[in-house]
Amino acid sequence: MPRGAVSAVCLTAALSLALTACSSSSGPAPAGSAAASGGSLVVGVTSDPDTLFPWKATQFTAVNVLQNLYGTLTEFDKDLNVVPGLAESWQPSEDGKKLTLKLRQGVTFADGSAFDSKDVKASLDKIMDEKTAAVARASLASVKSVEAPDASTVVLELTGPDAALPANLATVNMAMLSSDDTEEKLTATPNGTGPFTLGKRVASQSITLTRNDRYWGAEKPKVASVEFRVIPDESSIVSAMQSGNVQLAVFNDPLVAQTAEGGGTITVTKTPQLNYHVLQLNAQHGDLKDVNVRLAIQCAIDRKQVLDTAALGEGEVTGPITAPAFKSDPNKRPCPNRDLAKAAEYLGKAGKSGGVTVKTIVSQGEYATSVNEAQNLKAQLAEAKINLELEVLESGAFVDRWVAADFDAAVALNGGRPDPDGSYGRYFTSKGNLNKVAGYSSPELDELFAQGKATTDQAARKAVYDKIGAELENNAAWIWLFAGYTYTATTANVSGFTPMASGSLQYLRTTAVR
Amino acid sequence: MRVLRNRVVRRVAETLGILFGVAVVVFVMLRALPGDQITAGLGTEAAALTPAQRQALEQYYGLDQPLVTQFFSWLGNLFTGNFGYSARSQQSVLELTLHALPVTFELAVLSIALALLIGVPLGMLAASRPNAARDAAGQVVSLAGLSIPAFLLATTLLSIFAASFGFNPNGQGFATLVEDPLLNLQQMLLPALVLGFGIAAPILRTTRTAVLEVRSNDFVRTARAKGVPERRLQVRHVLGNALVPIVTMTGLQFGYLLGGAVVVEQIFSVPGIGRQVLLGIQQKEYAVVQSTVLVIALAFVLVNLLTDLLYRVIDPRVRAS
């Protein structure tokens, strides 16, 4: 009998070896094997796009896939400046109540139909219609009506000057769709003016885009196709890159980025993010209604320590505005360095010398560093008699509580935008659609945000948003912590990709694979 | 004949009862979870929706219907072959399941095969000399199988093979057995090994115990005294009579595997039924989760039924009763 057992074990080993031997003969798929001219680029992503309808897309993969399929009136360049897209130029009227856009000629949709002002009017009208449930509707709040006097001109009638509008038009949630298309149709078959068209989709496994040879840009995409391959685990994406099956991926977890870099075959590029890590305070709740309690929290936190302990020091301490052209100076805030005496003084002013308790929600799994950040904040604040009562929630439960503004404080990673009005106007103006969640507004802020929209001069706008940043920090509306990095990993045979602070993959169109 | 018919009718009624119970429990649990398809899709952006926008989305996803209507409409549709629709995948749940189920079934079969190849011989080896070195070795293997978490073993194997040998077939797009059998078997190798190693442990322990028990019976001593060759004695007389608990354990494990090995499927990018349920839960696609769980429950019930039938094949005493 033992001989039988031994034979069985040997059989198992033989089976394993045989399969392994077979495998080595085929090896990793060569990058260029798919190739029509330009080859094929494989991008590793952790999830499938959850929608292919651009006006409702918020998920990372969906936004990045759709950005390569659809065009917008304006675009961002690599430094996040607003540059022409489907609109070649735009001109505000003298009183700022009209914005005239001249459209690019000769642009066609993927189905071959021509793009013109009729499509722009139909798209903007539908985005503004509540029934469409477009996520960017609020970005068009200043638009009263859209006119299309001729095929290449669109005129937006505005309620007042809106300097943020050109930047707002650059997101994929403002994609221009053909007036003949419907949501139902586009969800199955995207039809955009972008550098790529939809090639093939295998649900939950991959989505492949093929080069749009009719793309209007001066520079046509270099690769024949881009496959977004779903590999649900970030560590498995690293393994797939090491074995040459995937050529490009974007990571958020510094640990994974370190692992990827460690092998020596993968290049990892760090890009400072617009997204920022923050302890959101709800100034409508309990003890946090008192500005002195909020300022005590502000003074009791060493942000560098949070960054070092929770995110391996991978990032920069930040103020409210992370957009490069409007960046806040974190050293100008009250208590730029941790000051426990000052914190105690503020608590005393609030009549809470004995301490306060702040119920704080934390998301588990939404992003890698959340729980570590919360634990470090709790430890630091405990030394200032501020008890951060943590409630660690599954991401769905966190979103539910966040959306309902049902928290005293929330440890969050919020999305930043290239224009500060887009980032904060919706949070901190009394009529902003996220003001309930922000929990703070003031007549001063309303006035400043209105000024920021009305001012077109860049230097003057920067001065206004500096004041907004100061107003937010002087009142400790929230406690801004740090901004991390996006890690773009590429294999040696990839060139020409430019990572962006917004995390956008729009430069897949300039990427080449050898 | 009538007894048999009654038994079949009772079994079918029990199965339907179980499936209905599963349907109710899954439906209620999903609704009890925080969030819905709107917040799952939009995340925190859902806070920016106006009431009219929210209403439009509820109508789009069918969330504006009363719960009872939602339940019976889904249940009624099942009888017409309509398992629901996944907006995320742009495919019917039936199509999704028909793609995922064979993948999971294949992974389960391979895992069980490997588990049996490891567990049964090692269990017999361990039982052949209780408390000797080979028994201790068997115990170590089974303890390792039980205590090493699948995610750890899976990640370690994947990293070592990819980084050191450039071997990572799972990094290529998944190929089904029909599309590319060789690549498919390569892609199944590591996941099946990880799962098989974990399952081999209980099979090894069950085999050891069952073999030890059978060996102590008089008929074994009699057979040996009559000069039955040792190999034949161990395989035909001992293992043959120890099969019932081994089959029971294998059937149970196979049933669990058909429910999807979520962690292993995630790490090795195997598009099986476990990932389908996980994605459904993450996106709050109620129809996807409800229908898929029902299919899994049905598979579990069927595997149990097959296990019961197998008893009749391997044990004449069951046939006689």
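Modeller: Please keep in mind that this is a predicted model. Chain B contains 14 helices and two strands. Its C-alpha trace spans about 85 × 65 × 35 Å along the principal axes.

Colleague: Which residues of chain B does the UniProt annotation "domain: ABC transmembrane type-1" cover?

Modeller: According to the unreviewed UniProt entry, that annotation covers residues 101-311 of chain B.

Colleague: How should I read a nonpolar core?

Modeller: In soluble globular proteins, nonpolar side chains tend to be buried together. Here the largest nonpolar core has 115 residues, and Leu73(A), Phe228(A) and Phe428(A) have the most contacts inside it. Helix α12 of chain A, residues 395-403, gives the most to this core, with five residues. Apart from this core lies another, of 46 residues, including Leu107(B) and Phe167(B).

Colleague: What share of the residues in chain B is buried?

Modeller: Of the 321 residues in chain B, 47% are buried. The accessible surface of the chain comes to about 15,500 Å², and 67% of this belongs to carbon and sulfur atoms.

Colleague: Which residues make the nonpolar surface patch of about 430 Å²?

Modeller: Leu298(B), Leu302(B), Leu305(B), Leu306(B) and Leu309(B) make that patch. Leu305(B) lies in helix α13 of chain B, residues 286-314.

Colleague: Why is Leu305(B) called partly exposed?

Modeller: Leu305(B) is called partly exposed because its relative accessible area is 31%, and this term applies between 20% and 50%.

Note on methods
Residues numbered from 1 in each chain as written. Chains lettered and ligands numbered in written order. Predicted model: local features only at pLDDT ≥ 70, side-chain atom pairs only at ≥ 80, totals over all residues. Heavy atoms only, no water. Core = buried A, V, L, I, M, F, W, Y, C linked by side-chain atoms within 4.5 Å. Buried < 20%, exposed > 50% of the residue type's maximum accessible area, 1.4 Å probe, protein only. Helix = DSSP H or I, 4+ residues; strand = E, 2+ residues; numbered from the N terminus. Patch = residues over 30% accessible without salt bridge, like charges linked within 9 Å, V, L, I, M, F, W, Y side chains within 5 Å. Areas by Shrake-Rupley, 256 points an atom, 1.4 Å probe, with all protein chains shown as cover. Salt bridge = Lys/Arg side-chain N within 4 Å of Asp/Glu carboxyl O. UniProt positions renumbered as here; feature names shortened; annotations may be inferred.
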